[in-house]
Amino acid sequence: MPTLQDCQQRDAADPLRPLRDLFSIPAGVIYLDGNSLGVMPKAAAARAAEVVTQEWGQGLIRSWNTAGWFNLPQRLGNRIAPLIGADQDEVVVTDSTSINLFKVLSAALSITAQDSPSRRVVVSERSNFPTDLYIAEGLCKERGFTLQLVEPQEIAGALTGDVAVLVLTHVNYRTGAMHDMPTVTAAAHAAGALMVWDLAHSAGAVPVTLKTSGTDFASFGSSKSADFAVGCGYKYLNGGPGAPAFVWVHPQHANRFWQPLSGWWGHASPFAFTADYQPAPGISRYLCGTQPIVSMSLLACGLEGFEAADKLGGMAALRAKSLALTDLFIQLVEERCQGYGLGLATPRDHAQRGSQVCLTREHSAEGSGAFAIVQALIARGVIGDFRAGDGGAHKDILRFGFTPLYIGFEDVWNAVEHLRQVLETAQWKMPEFNQKHAVT
Ligand SMILES: *Cc1c(COP(=O)(O)O)cnc(C)c1O
């Protein structure tokens with residue numbers, strides 16, 4: 001069984017360890033929630049001050065040109081592209097994940113309406129992140145499509161000749177289970193459907209290959225290259241609360257359709273102020289209106305972490321460390337927290353695991369205790385989160401994200417030791433840990 005000393009030695013030998021210094025982590029905190037809101041890059045505070053006092057305060061409206069505000073969505077998109085296996089000029093940073101999903105799903109439905117109008121079904125996973133399902137539900141209603149929700153093992157069987165679009169999240173937010181992206185994409189294409197991926201829990205967490213090289217193209221979509229993708233700026237990319245999201249469209253689709261939010265920032269020449277809309281070529285048409293420049297500027301600081309990691313092996317090295325961290329956490333929980341009714345919701349198979357570990361807890365008359373256990377851990381500085389189950393097949397979840405940029409092996413040891421103490425002393429039963437707040 002690994003010891004605390006083993007964990008400390010692994011940190012000392014870890015070539016990625018210096019990256020932790022790029023981030024501001026409060027003293028006494030072990031932050032296992034970077035999958036929900038990433039930590040603050042140290043550079044962000046000075047950058048925020050510079051954007052506000054210099055670029056806004058002094059530069060004023062000139063900064064759209066002189067500070068590069070106007071093309072910031074494209075410049076940041078080009079920096080995200082290598083993290084998701086896309087090429088330059090195919091990604092823009094803009095709006096939120098929910099809004100970007102609306103745009104790309106709408107474009108996918110328009111393509112289907114033109115190419116194969118008899119296909120009227122959108123398939124997704126019942127346990128997909130709710131906003132993805134709500135956006136899909138709303139669009140399907142408006143456009144006369146049917147939304148069909150299935151369990152992960154039912155996806156292949158659901159891909160019938162009626163399916164227009166398969167929309168999935170690559171890494172499941174509740175369980176940390178990861179889809180095999182090229183295989184699922186190929187299955188969707190073999191069935192004649194378009195593939196939309198949500199990378200909210202993948203970008204910056206696991207290597208992603210949206211485009212496969214080589215065997216392009218059939219009538220649409222090379223078999224394994226996805227068609228559309230969206231993802232989140234404030235999770236593993238450490239862009240800050242509410243940081244803008246990103247959107248990717250395969251170049252073969254980018255010029256085919258207007259996205260429905262055809263605002264002036266997606267116009268070919270916004271400053272011509274013409275009365276009619278002419279979409280910009282390529283991915284820029286996926287912009288809508290004026291961007292939140294202060295917030296967007298801070299996303300650059302988050303991306304610097306990955307650019308620093310590039311010199312140390314990049315996403316492959318980060319992935320290897322992430323798996324080592326999650327393996328260690330699973331092993332220590334199973335050894336040291338035995339007998340307290342904990343289960344594992346995250347797959348053991350590396351190929352099916354994202355960068356988080358989700359534990360379940362057996363229900364008793366007083367509930368699962370999962371919420372209160374997480375609260376007791378937070379009071380000790382171990383910040384994870386709780387995700388409610390549905391009372392049926394989906395159980396209450398204690399969720400722990402492991403961000404290899406700044407989490408170490410000793411952190412894992414200490415987190416498990418706190419968990420053991422919370423369970424052993426039944427500290428979680430104290431009333432103060434059983435009061436729910438607006439945000440869990
Ligand atoms: C976090 C997350 C989102 C967030 O969407 P917002 O529009 O930023 O609120 C969307 N989809 C998935 C799968 C997520 O995990």
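## Basis of the model

The model is predicted: local features need pLDDT of at least 70, side-chain atom pairs count only at pLDDT 80 or more, and totals for chains, interfaces and linings use all residues. Residues are numbered from 1 along each chain as its sequence is written, and side-chain values use heavy atoms, with hydrogens and water left out.

## Two domains

Domain 1 covers 4–41 + 315–434, and domain 2 covers 70–307. These bounds come from an automatic or database domain assignment. The C-alpha centres of the two domains lie 29 Å apart. Domain 1 brings 35 residues to the contact and domain 2 brings 26 residues. Contact here means heavy atoms within 4.5 Å.

## The domain interface

About 2300 Å² is buried between domain 1 and domain 2, and carbon and sulfur atoms give 60% of that area. Buried area is the accessible area (1.4 Å probe) that two parts lose on being put together, summed over both. The interface has 11 residue pairs in polar contact, both residues at pLDDT 80 or more. A polar contact is a pair of N or O atoms within 3.5 Å; within protein, one must be able to donate a hydrogen and the other to accept it, and residues adjacent in sequence count only if both atoms are side-chain atoms.

On the side of domain 1 that touches domain 2, helix H11 (314–336), strand E12 (356–361) and strand E15 (397–401) each supply at least two residues. H11 gives the most, with three residues. Helices (H or I, at least four residues) and strands (E, at least two) are DSSP runs, numbered from the N terminus.

## The ligand site

Residues around the ligand include Ser-96, Phe-129, His-201, Tyr-234 and Lys-235. Each has a heavy atom within 4 Å of the ligand. Thr-97 places a backbone N or O atom 3.5 Å from a ligand oxygen atom. The side chain of Ser-98 has an N or O atom 2.6 Å from an oxygen atom of the ligand. A ligand nitrogen atom is 3.0 Å from an N or O atom in the side chain of Asp-198.

## Ala-388

Ala-388 sits in the loop between strand E14 (385–387) and E15. Beyond its neighbours within four places in sequence, Ala-388 contacts Arg-174 and Asp-396. Ala-370 is 18 residues away from Ala-388 in sequence and 8.6 Å away in space, C-alpha to C-alpha.
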